[in-house]
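Subject: Structure handover

Hello,

My notes follow below it.

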Amino acid sequence: MTMFSEPLGTLWLLAAASGAGWMGKAAFIGVFVALIVLLASLPARMLGETECRPALWRNVRAWAILVAVAQIFIYTLWG
Amino acid sequence: MSTIRLSAVDIALVVGYLVGITILGVWLGREIRGGRDFFLAGKSLPWWAAGMSLVVSDIGAKDMIGLAGDGYRYGIVMMNFDFIGCIFPVLIAAFLFMPYFWLAGVYTVPEYLGRRYNLGVRTFFAVIWVLFMMGTLGTIFVSAAAMFEGLLGWSFWFSVMLTAVIVGLCTALGGLRAVVFTESISCIVLTAGAALICGLGLAKVDGWAHLQETIGQMTWTQHHLTLLPPADHPVYPWPAVLLGLGFVLGPAYWIGNQAIVQRTLGTRTQNEARASYVFCAAIKLVFPILLVVPGLVGVALLGPELGQPGKDWDGNRVLPMLVVRLLPPGVLGVVMGAFFAGVISNLDSYVSSASTMVVTDLYRTFIRRQAADRECLLVGRWLVVAFLVGGVAISYPIKKGFGSVFEAFQTFLSFFQGPLLALLLLGMLTRHATPWGGVAGMIIGVSTSAVLNSAELLLGVPGGIPFLWTAWWSFVAALAGVVVVSAFTSGHDEARLRGLVCWLPAEGGNKP
């Protein structure tokens, strides 16, 4: 098992020594930022939005982005 | 621990709730004509009902009790199970995976794997899921019994039998439609109950700021108030939370768990399937706070009595003790209703899904290929009863063997979730994954899980390996197995893969 965990473990422990707080927070927030970029860039054809764009409150993609923004806020606050 | 006496109002609320959902479940079952109605609710579910049902299929009594106990032990890091471990994968699944399950018209996740890879992969995961669900049923019964024993002084067997009978009536007669609509009601009751415990708990400790101050003064709670503990945390190091939970266990659970996916497959349109997942994610922004904060309140209120958690410390006592001390008569009925709601919604999800998988992936595949729809309906109903009986039977040994119910649940999960996710990801995202690649990935991934789960015994790693790391490495091993073996074996032709791989839409295009 050490062959798996040691290299990664050493890396993370080094990161911890140099302030894992900001690193962890940046990683989690980065994941949600990447998710927002992915959601925003999905082609409309894939979501069946080709004929007419739905109203904002009925737009599932917009709601998903809002939820992801809320997650960024939570990890900023408590991360 | 002292038990409570319910007032007449409390009893009326609980009995009213139980009778109400049983009648609703039976009533909704009157329109069931065949297997499609029973297993997929005739593809008639609205997004809001499926979304609320998704929430309570995931959060039940095991989470209410387990998360409060683990919140006491580890702090707000436990919220990650619903944040990075749920919201992130749910949003990914809503847009990249669910539409393809829905369009493929499958009843189960193993059925998809069978079409994408081969019968061996399908059968393996169907059998594993059924076994897992049996184990889960046992853990849910244990959670329920612990709750009712602590609160009401009911015996273990009385609690188990009562819940089994209610779930049996609703699910065997009403099918998925009854499950989803009764779970929608359960979601409202569960939210109200959890909010009451959380709100009254915070009021008792003079608010969040005072609670933070109290916890900050203790010596053993230094990481209780951060979502991201340091990288050398013994159980939840943040890199493992991100990689193991966020990238493997969470996605595998929300993309590959039949009990979850089945609700979405029963929605009216592809867009409603997507909306149900996003609605679930929105509700999940609040739920973990309502479930974990009571654990922190427990640290402040019960700390001198329960002490610092050690090896044999029982986290399942925290929530019942808080309920007994915090809630006045009249409010207790709502909270007890919430506990019943959590238990029942969890149980009906798992028995319904296990029954669907046995009929679709085993009975119709190996025993009666030409089985008529009515026959499948009948077999499905009897299987619901059989699974409940099995769950009741194994609940007692589970009670004796596992300290923390929630941990037991996660251990079950981590064993094969990584390999399942690897097969689903590669199967859906690339046409190059071959049937033999799937078989190899499955074997390598599950073997890796088995070895890492037994690391203390087999490899001499003191204390074993955190289950989140096990999940991550079994996923990586399975991924590597599929890629390497697929490079040397031939896959299905393009016609067969249409509608199963996201870059190959079904003939006529992917219409919502």
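How many residue pairs are in polar contact across the interface of chain B and chain A? The rule finds three, with both residues at pLDDT 80 or more. A polar contact is a pair of N or O atoms within 3.5 Å; within protein, one must be able to donate a hydrogen and the other to accept it, and residues adjacent in sequence count only if both atoms are side-chain atoms.

Ground rules. This is a predicted model: local features need pLDDT of at least 70, side-chain atom pairs need 80 or more, and totals for chains, interfaces and linings use all residues. Residues are numbered from 1 along each chain as its sequence is written, chains are lettered from A and ligands numbered from 1 in the order written, and side-chain values use heavy atoms, without hydrogens or water.

The interface. 40 residues of chain B are in contact (heavy atoms within 4.5 Å) with 33 residues of chain A. The two chains bury about 3,300 Å² between them, 85% of it on carbon and sulfur atoms. Buried area is the accessible area (1.4 Å probe) that two parts lose on being put together, summed over both.

On the chain B side, the elements giving two or more residues are helix 5 (83-104), helix 10 (238-256), helix 12 (270-283) and helix 20 (467-488). Helices are DSSP runs (H or I, at least four residues), numbered from the N terminus. Helix 5 of chain B gives the most, with nine residues. That side divides into 34 nonpolar, four polar and two charged residues. Nonpolar means Ala, Val, Leu, Ile, Met, Phe, Trp, Tyr, Cys and Pro; charged means Asp, Glu, Lys and Arg; the others, Gly among them, are polar.

Salt bridges. In one of them, the side chains of Glu183(B) and Arg263(B) meet at 3.4 Å, N to O. The pair links distant parts of the chain: helix 8 (residues 156-204) holds Glu183(B), helix 11 (residues 258-265) holds Arg263(B), and they lie 80 residues apart.

Best regards

Notes:
Salt bridge = Lys/Arg side-chain N within 4 Å of Asp/Glu carboxyl O.
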